[in-house]
Amino acid sequence: RSLMLGALAVGETRITGLLEGEDVLATAAAMRAMGAQISRSDDGEWRVCGVGVGGLLQPQGALDMGNSGTSTRLLMGLVASHPITATFTGDASLSGRPMGRVITPLSLMGATIAATPGPGRQTLPLTITGAWPAIPLRYTLPVASAQVKSAILLAGLNTPGETTVIEPIPTRDHSERMLTGFGAALSVVQAPEGRIITVRGEAELKPQTIVVPGDPSSAAFPMVAALIVPGSDIVIRNVGINPTRAGLISVLQAMGGDITLLNERTVGGEPVADLHVRHSALTGIEVPPDGAPSMIDEYPILFVAAAFARGRTVMRGLE
């Protein structure tokens, strides 16, 4: 998200703490292909010189997203409201993932999308031609998905008027926080039908200096390892504890996990803490289904913790 929004700001955005995995590197390559200047210094700071909202250029070749569903779906949103055509490809795993949930709202905004048809789903490779001007949309998410929500909001940045997403079940809100930080006119209202998120289009984003918090999904592995290995006593520093992402921490604590949050602070609009984790005797619990969106990526490592816990652990709501 910091690479994408930095590429849409006018001026130089500086980013530290970037998780330099293949998904992030694929995102950087895609933004370069659409006109942004992106460089990395030896000390790990990334610099992004953006093209401004509406300034994305026609990429000369296909955008290879590797295995990153987040990158693909969010970038589809960016392209949807720019007068360019982009083809998205990915590895075998990504090419089997459904894209229809993003294609539907972006098509309603005027984008033309040709995807690969599969059994009951639309997949990569796909080609999207953006609409200019795109049509502002008011859309209720049929499935809890931060990726779909973010794609629509990103498309709304270059769409005249107001674009609104209604999510009956809250999902991770990194996009809303970062859009606000970059200067987008964005509002979030809690209503009976859910969270109503509105972004005003034709935005002017301002470059930022961003410190990316440590990824809670990455932190989950040493956290669970420390809980189940006798004698363990560790501190994991600079972990994002955004409540829409950190559900695993509260579940492990409910199982009896000795996890203490130290030095709680806010970095770039995101809550961050150091996690002090000690070996613990875990007990199986009923995991509340309403927490699923806040820990959807962490269920596999929770299964490991549950295997080491005494008793039965039941998890629902994973659909």
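How many bridges join strand S1 to S3, and in which sense do the two run? Four bridges join them, and the strands run antiparallel.

## Ground rules

This is a predicted model, so local features need pLDDT of at least 70 and side-chain atom pairs count only at pLDDT 80 or more, while totals for chains, interfaces and linings use all residues. Residues are numbered from 1 along each chain as its sequence is written, and side-chain values use heavy atoms, with hydrogens and water left out.

## Around strand S3

S3 covers residues 46–49; strands here are DSSP E runs of at least two residues, helices are H or I runs of at least four, and both are numbered from the N terminus. Strands pair if DSSP finds at least two bridges between them. On the S1 side (residues 12–16), Glu12 stands opposite Cys49.

S2 (residues 37–40) also pairs with S3, again antiparallel and over four bridges, with Arg40 opposite Trp46. In S3, Trp46 and Val48 are on the covered face, while Arg47 and Cys49 are on the uncovered one.

## Two buried loop residues

Thr171 is in the loop between strand S9 (162–167) and helix H6 (174–181). Thr171 counts as buried because its relative accessibility is 4%; buried means under 20% relative accessible area, exposed over 50%, and partly exposed in between (1.4 Å probe, protein chains only). Its side chain makes a polar contact with the side chain of Glu167 at 2.9 Å. A polar contact here is a pair of N or O atoms within 3.5 Å; within protein, one must be able to donate a hydrogen and the other to accept it, and residues adjacent in sequence count only if both atoms are side-chain atoms. Leaving out residues up to four places away in sequence, Thr171 touches several others, including Lys149, Arg195, Thr244 and Pro293; contact means heavy atoms within 4.5 Å.

Gly130 is in the loop between strands S7 (121–129) and S8 (138–140). With a relative accessible area of 14%, Gly130 is buried too. Beyond its neighbours within four places in sequence, Gly130 is in contact with Val79, Ala80, His82, Pro83 and Ile84. Ile113 is 17 residues from Gly130 in sequence and 8.5 Å away in space, C-alpha to C-alpha.

## Out on helix H9

Phe303 is in helix H9 (residues 299–308). Phe303 counts as partly exposed because its relative accessibility is 41%.
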